[in-house]
Amino acid sequence: YAETAKRWKQEYDHYQQQLIKLRQLSNYSAQFGDTFPQRPLSYDLEQACPGSGGFPSSAADLVSWVAPNLQDDLVVEQRKLCARIVMAENTKYNETAQVLRTLVARKREYDRIEAQRATAGSSQGNLAANDNETQRLLARTTMDAEFWQARMNAYDVYIAALKKQSDYVAQCAIRGCENGLKQVIGHVGQPP
């Protein structure tokens, strides 16, 4: 009997060693004090672009207001470019605020998964299912972060192009370009 008990004890110890030991996930409890509110597209427009004449109320008016008009004078076009830059920066801010709100929601999901892990015991199946949920959450969060980064890069390029066009319009106004905006639109991206 002693030999059998010894062998059973060894097998028990072997299986205990094979079980996944439950490790508490790091308790990262970052709390954000900000709710990351959205900004209207016209936020700070009058301060950044004095004399822009207010912000259109409808989407159709907005399109006609910011679209290049070859008949406008250079001052009007400069104000439109300024407004487009402000609107792009506000949209960029709103996209970032949305991602931060999503991260707060993902933190709540993570806390729920961590609570499930605490009740999983040492069952390999329960722990594997919990690990799968954690991996899915990580994949969604990573995908969101990469998509956000791509959008931020696109906005940076767009804003830089608008600023370059605005610089060209300003230089054209100073030098007295012929054909006004027709020349500006044709030379965007080329040195003045």
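The model is a predicted one, in which local features need pLDDT of at least 70 and side-chain atom pairs count only at pLDDT 80 or more, whereas totals for chains, interfaces and linings use all residues. Residues are numbered from 1 along each chain as its sequence is written, and side-chain values use heavy atoms, with hydrogens and water left out.

- Isoleucine 159 is in contact (heavy atoms within 4.5 Å) with Ile85, Ala88, Glu89 and Lys92, not counting residues up to four places away in sequence.

**The disulfide**

- A search of the whole structure finds one disulfide (a pair of cysteine sulfur atoms within 2.5 Å), and this disulfide joins cysteine 49 to cysteine 82 with an S to S distance of 1.9 Å.
- The pair links distant parts of the chain, with cysteine 49 in the loop between α2 and α3 (59-66) and cysteine 82 in helix α4, 33 residues apart.
- The link of cysteine 49 and cysteine 82 is left-handed, with -85 degrees about the S-S bond.
- Cysteine 49 and cysteine 82 are both buried, where buried means under 20% relative accessible area, exposed over 50% and partly exposed in between (1.4 Å probe, protein chains only).

- Asparagine 90 has its place in helix α4 and, at 3% relative accessibility, counts as buried; its contacts, not counting residues up to four places away in sequence, are Arg39, Pro40, Leu41, Ser42 and Tyr43.
- Arginine 117, which also lies in helix α4, is buried with a relative accessible area of 7%.
- The side chain of arginine 117 makes a polar contact with the side chain of asparagine 130 at 3.3 Å; such a contact is a pair of N or O atoms within 3.5 Å, and within protein one must be able to donate a hydrogen and the other to accept it, while residues adjacent in sequence count only if both atoms are side-chain atoms.

**A backbone feature**

- Most residues other than glycine have a negative phi.
- Aspartate 44, although not a glycine, has a positive phi of about 70 degrees.
- Aspartate 44 sits in the loop between α1 (2-18) and α2 (45-48) and is partly exposed, with a relative accessible area of 40%.

Conventions:
Helix = DSSP H or I, 4+ residues; strand = E, 2+ residues; numbered from the N terminus.
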